[in-house]
Structure formats: structure tokens, C-alpha cells
Amino acid sequence: MHRIHILIAMDGHTIAQGARSVKDALERELKMAALADEVRVVETGSLGIYNKGVVMVVFPDAVYYAGVKVEDVSEIISEHLIKGRKVDRLQYTDIPETETTGVPAPRFGKQVRVVLKNAGVIDPDNIDEYIAHDGYEAFGKALTEMNPDAVRSTVKESGLQGRGGAFFPTGLKWDFAAKETAEQKYIVCNADEGEPGTFKDRLILEGDPHAVIEGMALAGFAVGATKGYVYIRGEYRMSIDRMQRAIDQAKENGLLGDNLFGTDFSFDLEIREGAGAYICGEETALIESIEGKRGEPRDKPPFPPSEGLWGKPTIVNNVETLANIPQIILKGAEWYKSLGTEKSPGTKVFTMVGNINNPGLIEVPMGITLREIIYDIGQGIPNGKGFKLAQMGGTTGGILTSEHLDLPLAAENLREIGSGLGSGALLVVDEDQEIVDLVTNFVEFFNHESCGKCTLCREGTGRLLERLEKLSSGEGEIKDIDMIEELAVVMMKGAFCGLGQAAPVPILGTLKHFRPEFEKLVKQPEAVA
Amino acid sequence: MENITLTIDGKTVTVPKGTTVLEAAEKLNIKIPRLCYHPDLPPVSACRLCVVEVEGDRLLRTACSWQCQEGMKVSTRTQTVRDSRKMALELLLSRHPMKCTECVRNNFCELQDAAEQLGLRENRFEYHERKGELDLSSAAIVRDPSKCILCRRCIQTCELVQSVSAIGLEGRGYEVWVDTPFGKGIGDVACVSCGQCIDRCPVGALYENDHTARVWAALDDPTKHVVVQTAPAVRASIGEMFGMAPGSLVTNQFVTGLRMLGFDKVFDTDFTADLTIMEEGTELLGRVKNGGTLPLLTSCSPGWINFIEHFYPDLLPHVSSCKSPQQMFGALAKTYYAEKNGIDPKDIYCVSIMPCTAKKYECGRPEMNDSGFQDVDAVLTTREAAVMMKQVGINLPDLHEEDYDDPLGISTGAAVIFGNTGGVMEAALRTVYEIVTEKTLDDVEIKDVRGLEGIKEAEIDLNGLKVKAAVSNGLANARKLLDKIAAGEAEYHFIEIMACPGGCIGGGGQPIPTSEDIRKKRAEAIYLQDRKMEIRKSHENPAVIKLYEEWLGEPNGHKAHELLHTHYDKKSIYKENAA
């Protein structure tokens, strides 16, 4: 029996800061101090503390340390573990309590953890810990006490909307696939997170991979699919490794495979790695990629629930969507609806980036305002600068200005102002930012990531970039701004897929709110002497 | 069939379920502009020229792919639609070199047509050259990616119609281009040279390797005796190059035009088509009698030969050893014809006019010089032959009719139907039936092997031996038959395979555009020519009979084998891996 547990966050950020060496040092020195039997070091996902170096939490005291270096390890052991005195200079104290998990966690404040309830709490590489936190209970319940119709109705009643960005009702999507009769159906988890500033799916996968597996298995049961693919962005090495270990453990424990829970339902999973194309996050391009083809979107209809992977009915759901499923089944639709707004129930995981004091991953109930996120949870804008705009949902997201600070963030409200919640990336921009530089940055991204299939997106993004660069170089004219606007309008209505249709959103948004900033760059006629 | 009623620009139209908006609009005589759409191929919705507004939809829809729904209200001429189409076209044109007068497709270019249709009078973008290098690696096909508009019709054709997939897309974003695997060049990958990509290219990004200059040089050279042979299918299509309707049969005007160009003799590949029936029919009967490899596969179509060499080399023993009619002709022109007329074969320059681009590759094959010289010196496509006539002001429809020269211009109705899918089979059955049964065939028209379906089957009773035959056109269909043979499930004696859809009338060297409707009309013209012929069976061709009597000896005899037969070898997928 271990007296003390040290949870050390092992995610992309912390590993880059030396989390592995710190963990090795901890284990080495614990052994030397003859504490190895008393203190257990556990790797966990993100603890929700960002840009603060290596982060760990010591239980049962729930003391957080940040910015831990290898040379600090002996002090933590001798002072805290042996003498029971906290190392004040390393302690991270901004940690109000949360009610959902009962575990103290940093900056939880207005956060409600559903999807992230286990992240930073359990060892994601150990299926027993997931099971100990009610893991696979929903799956067992569904298979032994419910039928597929009941699972789908529960998800429908919960009002869960797809968290990939489109906010399509998940239960409805499942119905489309369920009513198809086909020998084979598929569940695909879209973990090709490519939206700049978005890293929620990575942290969910790294922190709680079994929640995603359980969500996929439940989806499979609900629509009659026996095979699943987790399509993970290739750069997400740790997500891939953790997910593979989780799949292996689930198989060993009889939670994936044939005749699950003694029923005639079978479900199996495989990982497919994406090769870095942004477009492969679009569900039909993702399907093409799994089929081994060039990642390009397909014409819709037919939609994937009727004709998807290899022409078979296929459900493509986002990581966050799937991670919600087990708890909806376990706790019921009413519980889920008690969170969030009436039309957009539940929580949303956001990643805060840009000019913000406390960037990182948060999970909040739908309906929270931008002001609360930026100024309460995010602790405001650095150096007391003024707020200029926020872009919600990644590079294709809408532009929110100070007039939107108190708008409750929910899919329906954002749709009304021509925006969306998108992937959940929240880019905060302060008053010093030049708008044209910002937009140029977006368009460079689109131009690079357009798949090249349709004329408007392929050529249009290139020409948008050309005109923006002309403006920035001081050679632009008013007609260049007009062309940018005209191209954007045409692309929005006429491009093949969501990429080309949404790329204009931030362009038109910034033009609407900050047009003078474009116009001030226009070449002035030379003064006549 | 369930019907659907919708309105387009306020007019009501009723169409069968599954009809696209583009097709429905055509019923109302509204031609929606399009570039990536081709009637032979599934829509890809890439060019965005055919966008329309559908009431209630936030997005514009592509008419080529959007299916009609009951009660749908479509607008094809709103400002939003016009602006979007104009923008798409300006964007495409700004990546196109606009060297129209130097282009092989000048005046029959779909990009020009679209600009004309949209009344484009400006382009607000500067020209940016498209990536990709001029590819001169093939004996048959030239690729110029700088002209490409990325409609993907070539890629789809190669993959879906031919199941070859020698080309695909490279790069992404602003810099996307069509390329061969690993950028090796179209001549150095498993391209079969069929030229179907050329037939579907809307612009001049794909065209044949030009032989007109070398033909002019031969015609200009007083020491050369220049003979020309015309393939069966050309007479039923070349009129289209001069504005005539598809299906116009111009056989003897074509002969006149060729004489006006200065050819010393105008001969007909139909002569060696008849000869092919004698050789191949004999080979078939021999294999049946002696337990040889069956089914026997025809060998007239050089694109098909390339295909089996690349993809099914293990099945090569099934292929007939007969050379194609073009190559039999070349071998005879420089031996039999030269000898009979006292011409030194080194002075004979042998030109063929073919509906085909693979023939350009075939004439340069190392196997094809049994006369002691390259048997065929130059191959003009139907299009190139028309270009040469136009260059010197010959307008085919205005010409009177003249006859082919003797003896290599004498032929039968069985030979001309080689131009259609099923034609070789029909011609062979006409002859084999009469030789084996020693009875006269009452009706020479064997309908089971006619028509444009991908795979056809027929059975004929030869004195108790039921000969089972199959016919395929388009290499994707050939692949199905080959898979059956490889699996041991093909119970046929004889299979005719043509690389191109519809056979030679749909060949890669034929006038552009092509479509099922156009191929059908050309095929009808070929059957009309057959009906017009006095003799309709190859073994009754007097010139062929004479050739055997006075020079060749027996079909499949020693001399015939030397000149008229060959063998083919396995080819690797990439040149550097050649065995």
C-alpha cells in the first residue's frame, strides 16, 4: 500500500519542459531514500496548468508543484515527503475546488468537468484506474440492460451536439446509420485535430483514452457497427501510443472483441494515423484517407451515415463527443441537460490561446460568457492591454468583438451572429495586434492546407493571400480590398467543402468590424509639391 | 421509374428520379457551363462553373452532381450564380498560359467555350504559371501541365474507364498538378498509351506526339515512295474535324484528300484486317484442334497489348501471335508490295492514319521491323490527318470521291467492322463458320457481339463444337475478363479485347469531343459501310486470296509467321525496373 501518490503530468507541453527526466529523477531518488514502497509516481494527462513547466500533484495532500526541475527533486523528497513541509517556492496555489470530481484542481473555478473528469486524475495507461472511476460501467449497462434503441434515445434526449465544430445532434446522426441495413457499419473517431490553437482532443486522448474507447463501443452498439477506427493526427505520438495501450488493455480485459459482456455484440478497434493534412479533419476526406486515397472531401449527399467508409454506413464523431457518451448513458439524459443551456446542453472544452494570462485547456458549461472565460478563468489579458477581438473555433472561426463579451456561448447564439463554437479554440487578441497581419496569417494557413480540389478554394486562397500581401507591402489599392471581399463572398457560397466555405468567415468578420485597418494600408497618392 | 417535377428558372420540368440539375436544365434547353463534367465520367464538382441556386439552400449547388428533388426550385441565372461562375472562370484562366493560337486545341477548347459562353471581357488576376513540367517521355502522349485546369477528367478516365491509373494529383493548395507516379514521366510508367485521357481533356494539356512534320518531310522528299494506310474507324469520324455531324461516313472523299496531300499510294488497313482474320482464325482453329492455350485473345489493339504486358504478363500465352493490321500492312508494304513493283524497300515511307495514339508507340516497338526496316514509319491520328489537310486548304466535305489503290486497298465488309467493338469477333465468326462448316452463312450480321456494352458474349455452333466467345471494350472491362481467366473461370474459346470504349471508333486519336452518343453514331456509320460492301467476308477478299497464292503460301505458314506474327513480353510497371 502506498502512502503517497505523485501524479506527474505527461503531455506535450510538460514533456518538452523535461517531465520525463523529472520523473526518472523522482523514481531514482525515491529508491535511494528507500521510499519506493511508500510513494508511487504515476504518469497522468494534463493537469490543466499550462506554460508553467513540469507540473505534478502530491496526494493525499493535493499539493501542486509547477516549474519543477531535476535539481528540485531531492528538495521535494527531503522536505515534503520526509519532513512533511511543502516547498513553497515551487507550489502552485491557484486551485479553487470543484464539485464534479471532488478532487482539487487548478483554476477549476467556473469549470465543470465531464469530459475531462479523469484527466489528470487517473493513470491513463492503467485500465484498472479507469474502471475504478466507473469506467466501462455505461457500456456494461447498455449491453445488459438496454437495447440499441434505448441508447440512441438517451443520447437524443440528452441533446448532445457534435463537438467537432458543426454541432449536429449526435443522436440524430446515429439514427441515420441505425436505420440503414448493411452487412458492415463503422464507427470512426475523428482525432485528426488540425485546427490551429486547438489541442483539446489530444489532451482528452492523453488523459483518458478509455472514455473515447467506451464512447465508440457504445456508438457501435447503438447503430449496429462492429468495427471502429480511431483516426489520430500522426504528430500526436503520445495520443497514439496511449490509445494503442488502452485498446490492448481493453482487449485483454474483454471490453473489446467478440461477445462482449456475454452478449452477441462484438466490437473491435484499430488506429489509423493521419499524415498531417488539415483537410483530413473533414469527415469525408478522413474517410478517403482511411481508404488509402488522397485526402479530399467527397460530394454530399450521400452522407457518411448512409454511405461512408468503403461505401458502408459510417458514423464519424469527434473525440470530445464520444468522451461524453459513457456518462450520458450512465447518468442519464436529464443529468446531462441540467448542464449548459436549453438548446446546447452539456459542457464544452475550450483551448485558450493568444494574448491571455492563463492559456490552456478548460471545460465549462455551455452558456458561459466570453468575459467569464477571458477575465475569470483566463485571468485577463497580459500587461493590462485592451481586448480587441476573440476568434472562436479555430482559423475558420467567427470574429467576436467587445460587443459580444457578454453573449452566452452556445451553438445557437453564435449561429445567430454568423459564427460558431467550432473546435473550441479561443484565440484572444489584444489591442496591439494589426488586423491585416492577423488575417494574412489565417489565409497563409488556408492556402497551404487547401486540398486543391475545387477552383474557388485552391485558387481563391492563393489570390486572397496575394492581395493581402500587396496591402501589407504598401502597394495595395481600394480595389484590392474589394476583391478580397468579393472572393470571400463567392468562396463562402460556392466552394466545395467546409474548408473553402469557412475560410472567408474571419476575413469577412474582420472586414466588418475593422475595415479602416485595411484601408489605412492603401497606397496614398504622392503629394503634389 | 419514379418521376420528379421541379422548376428551373420558373419553368416546370419532369424528369426521372436520379436526374441531375444539369441534365434537367438541358431538357429545358438551358446549357449550364461546365468544365470538369464529362458525360462518360461521374461528376467531381471541382471546377465550380456549373453552380446554381436552390431555393432554401445557403450554399450554391453544382448542377453536375446535384440530384433533382420533388418541388425543388432552381435558379441558374441570378447575380450570385453569375458572379460565382465568373470568379471561378477568371481564377482558372489566370493560371492558364493563354497562348491559344499556338495550342493544338485552338478552336475546340472547352475553356475558350466557357469564356465565350460567360461573355468574359476581363480578367482581374495576373497570370501565375501552374507547376508541372512538359512531359515528352512517351512515344504516344505529350503532357503539358502548364495548360491543365485540374478538372481531373484524365485521372478519372485512366482510373475508371481504363483501370490503369498512370496519372494522379500531386501537391496541394495553390500548387496542385497532375503527374505520373514519382514524376517519372508518362513514357516511363505503366501508361498503356491509349490516349483516352487526351479525348477527355477539355484543353491542350494532353495531346498526341506530333508526327505531321515527319510526314510532310517524307512527302517533300522526291526519293521517297510514300504510301498511306487508313484504319477502318477513321472514315467514320474524320468528317467531324471539318464540322460534319458525328456518324458522317466520308470514306472515298478521305481517299481523295490523301491523294491531294501527295501520297503516292492510298491503301487501306482494311486489307490487312481481312488478312488478320485469315491468320487469327487459323490460329484459333489450330489451338482448338491441338489443345493450345485457350481462350485465345485478340492482338489488334496496341493499348490492350501494353495493358496485358504491364498488368497480366502471366496471361500472355493467351494472346494471338498475329501482329495488328497496321503492322501486317507495314511488313507487306516493304516486302510484297516493294517486290511486286520493283521499289527498293528502303525508299518506301509507310504512313498510317489511325484512330489511336498507342499505334504511335506500336510502330516503334523493336519487334516491328520484320521487313528489314521499321515496318511503319509514322502514325497520324485522325486529328493530325485533318490538321494536315487544313494546313493546305483541303476541306474534306467539298471533295469528290475516289477509290483506294490496288492491291493493298481492296477489302471487305468484315474488315471495316474492325472499327467497332465486336467487329473482329464478328468478322472472325463469319469466316471460321464458313471454313469449318463449309456452309454459307445466311445472315452475316452477328448481333450478339454488336453494341456498346462493356462485355458481350456469343456462342456459335461449328459442326457440333460450340464456340464460346466474349468481347470487351474499355480496359476496366478487359480487367474483369482477365481476372476470370486467371481464376480459371472463363469458359471461352475466343475473346476480342479493345482498349478503348466502343473500340477504335472511340479511340484516343479520334476527334474530340467523345461521348456514348457520338460513339454510337460512329458505330452506325461503320455498319453502314459494311452493308455497302460487295464482299462481306474476309476469306473472300480476292486480293488476300491472291496474296496467299502467289506469295505467302498457307495462313500460319512459314512466310506468314516471319512477317505477320510476333510475340510480346512482360513489362515492368516502371522503366528502371525492367527485367
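Two strands are taken to pair if DSSP finds at least two bridges between them, and helices (H or I, at least four residues) and strands (E, at least two) are DSSP runs numbered from the N terminus. The structure is a predicted model, in which local features need pLDDT of at least 70, side-chain atom pairs count only at pLDDT 80 or more, and totals for chains, interfaces and linings use all residues. Residues are numbered from 1 along each chain as its sequence is written, while chains are lettered from A and ligands numbered from 1 in the order in which they are written.

**View 1. Strand S1 of chain A with its partners S2 and S3.** Four bridges join S1(A) to strand S3 (residues 56–59) of chain A in the antiparallel sense, and within this pair Leu7(A) stands opposite Val57(A). S1 (residues 4–9) also pairs with strand S2 (residues 39–44) of chain A, here in the parallel sense and over six bridges, with His5(A) placed opposite Arg40(A).

**View 2. The five-stranded open sheet of chain A.** The strands follow the order S10-S9-S13-S11-S12, with mixed pairing. Strand S10 (360–365) and strand S12 (398–400) of chain A stand at the edges and have a single partner strand each, so one side of each is left without a neighbour in the sheet. From one strand to the next the twist averages 30 degrees, where axes are lines fitted to C-alpha atoms, for helices over the stretch in contact, and angles run from 0 to 180 degrees between N-to-C directions. Strand S9 (residues 347–354) and strand S13 (residues 425–430) of chain A are paired in the parallel sense over four bridges, and the bridge partner of Thr351(A) in S13(A) is Ala425(A).

View 3. Strand S13 (residues 348–354) of chain B pairs with S14(B) in the parallel sense over four bridges, and Ser352(B) has Val379(B) as its bridge partner in S14(B).

**View 4. Helix H2 of chain B at the contact with chain A.** In total, 24 residues of chain B are in contact with 25 residues of chain A, contact meaning that the C-beta atoms of two residues, placed from the backbone, lie within 7 Å. H2(B) gives the most to the side of chain B that touches chain A, with seven residues. Residues of H2(B) that are buried, with 20 or more other C-beta atoms within 10 Å of their own, include Val81(B), Met87(B) and Leu91(B). The buried residues of H2(B) pack against helix H17 (455–472) and helix H18 (478–494) of chain A, together with strand S3 (51–54), strand S5 (73–75) and helix H3 (110–118) of chain B.

Notes: Buried ≥ 20, exposed ≤ 12 C-beta atoms within 10 Å, placed from the backbone.
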